Amino acid sequence: MHVVTPRRTWLLAGFTAAALAVTSGIAFAGRGDGRAQGSNPAETSGNRSGKYLSSVVRFSGNTVSSGSRGTRTVTPVGDWSPPACWYEPRTAQEFSKYVEDSYNDTINTPGQHSYAKTSVGQFRNRYKDGKYKNYNLNKADEGSWWVAVRDEDRWMEPEAQVCDRDPIWVETGDTPDVPNAVTPQVLAELAYNRIQLPTTEVALAPEAATKVNLPTWAWLDKARFKQVSVTAALNVGGLNIQATTTAKPVSLKLEPGTPDAETYPTSGECAINEDGSIGEPYAKGKADKTPPCGIRYLRSSGDGTFRLQATVTWEVTWTGTGSPNPTQLPNGTFGNDQDVTVQEIQSVNR
């Protein structure tokens, strides 16, 4: 089982935009070295490795590691996508240490802009000596600070900017009234974006090169296309919740890579069989039969190839804390392209 602890930097939304520009560990999703993603060391200031709290959501199961998503992950059907930012709790001790470390980094960095020092000072004062007293450390057993967190792989997306609320003090057992406050469903949606899927290269017969006007059989082995799951769990600040998101393959769609082709079935959508396989392997004696899943090319690919696209649709559900019965999430798709050589049938005239 693969376990991943993602590195996410939570946001101090009270800083001005100018201050955020120079305190990159606060403004942007964190990296392992404490720098902002895509930044140059000479362009950052007020940073020191290990100073930035990260998300404590943990992922286990068939997971794709952070930074490599998009290569083998499910793509939601429609406009929906998992949250790019969310809110999760921090203990009073963690919150106070983070603010004090950020304040000291900014104030003590040579050449730091005065507006950055002013902004970080104002933010610190609000939670240390202003509206709140000493980060509510005297109430540490009664609640926690909820802070905004961004997905480090999506920190440039507009959706990652909507979690702009200042840290909120919340009594233990309560949930703040903000969008994407972490719940079992939010964890399930985050796990959706972590599911690692098998490659979708279909087996073809003929394998090396097919012929014009002859059926090409296509299938996927049931052993490779079984359901996969990822569990997301969070245990911090009196909140202990988890959710498991499961993706189950339900169909395969074939797109031949040329309009001069026919698919079997006509829709190009091959349903999954009861045993979990898709299509049917070609065997000797089936040459004159119509494949349950396949293609018939009507012209040759000449000196090149056609780009066959095979896309599997996955049905996605989740279960979790307080939700033992599977709940639907949007279906997802994942596919691969593969080259197909189509040759003319050669005949010999005597």
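**Salt bridges and disulfides: a quick tour**

Okay, let's start with Asp-101: its relative accessible area is 14%, and since buried means under 20%, this residue counts as buried. Keep in mind that we're looking at a predicted model.

So who does Asp-101 pair up with? Its partner is Lys-97, and their side chains form a salt bridge, 2.8 Å from N to O. Both sit in helix 3, residues 92-108, and because they are 4 residues apart, about one helical turn separates them.

Staying with helix 3, have a look at Glu-100. Its side chain meets that of Arg-124 in a salt bridge, at 2.9 Å from N to O. This pair links distant parts of the chain: Glu-100 is in helix 3, Arg-124 is in helix 4, and they are 24 residues apart. Are these two buried or exposed? Both Arg-124 and Glu-100 are buried.

Next pair: Arg-90 and Glu-88, with a salt bridge of 2.9 Å, N to O. Arg-90 has a relative accessibility of 1%, so it counts as buried. Glu-88 is at 0%, so that one is buried as well.

How many salt bridges are there by this rule? The count is 10. Some charged residues join up in a network, too: Arg-307, Asp-337 and Asp-339 are linked that way by salt bridges.

Now, disulfides. A quick reminder: a disulfide is a covalent bond between the sulfur atoms of two cysteines. Searching the whole structure turns up 2 of them.

One joins Cys-85 to Cys-163, with 2.1 Å from S to S. Cys-85 lies in strand 5, and Cys-163 in the loop between strand 6 and strand 7, so the bond ties together parts that are 78 residues apart in sequence. The torsion about the S-S bond is about 80°, which means this disulfide is right-handed. Both cysteines are buried.

Then there's Cys-270 with Cys-293, also joined by a disulfide, S to S 2.1 Å. Here Cys-270 is in strand 14 and Cys-293 is in the loop between strand 15 and strand 16, 23 residues apart. The link is right-handed, with 85° about the S-S bond. Cys-270 has 2% relative accessibility, so we call it buried, and Cys-293, at 1%, counts as buried too. If you number the bonded cysteines in sequence order, the pairing reads 1-2, 3-4.

Last stop, the surface. Asp-141, Glu-142, Glu-171 and Asp-174 form a negative patch there. Glu-142 is in the loop between helix 4 and strand 6, and at 42% relative accessibility it counts as partly exposed.

That's my tour, thanks!

Definitions and conventions
Residues numbered from 1 in each chain as written. Predicted model: local features only at pLDDT ≥ 70, side-chain atom pairs only at ≥ 80, totals over all residues. Heavy atoms only, no water. Disulfide = S-S within 2.5 Å. Helix = DSSP H or I, 4+ residues; strand = E, 2+ residues; numbered from the N terminus. Buried < 20%, exposed > 50% of the residue type's maximum accessible area, 1.4 Å probe, protein only. Patch = residues over 30% accessible without salt bridge, like charges linked within 9 Å, V, L, I, M, F, W, Y side chains within 5 Å. Areas by Shrake-Rupley, 256 points an atom, 1.4 Å probe, with all protein chains shown as cover. Salt bridge = Lys/Arg side-chain N within 4 Å of Asp/Glu carboxyl O. Lys, Arg positive; Asp, Glu negative; His and termini not counted. Charge placed at Lys NZ, Arg CZ, Asp CG, Glu CD.
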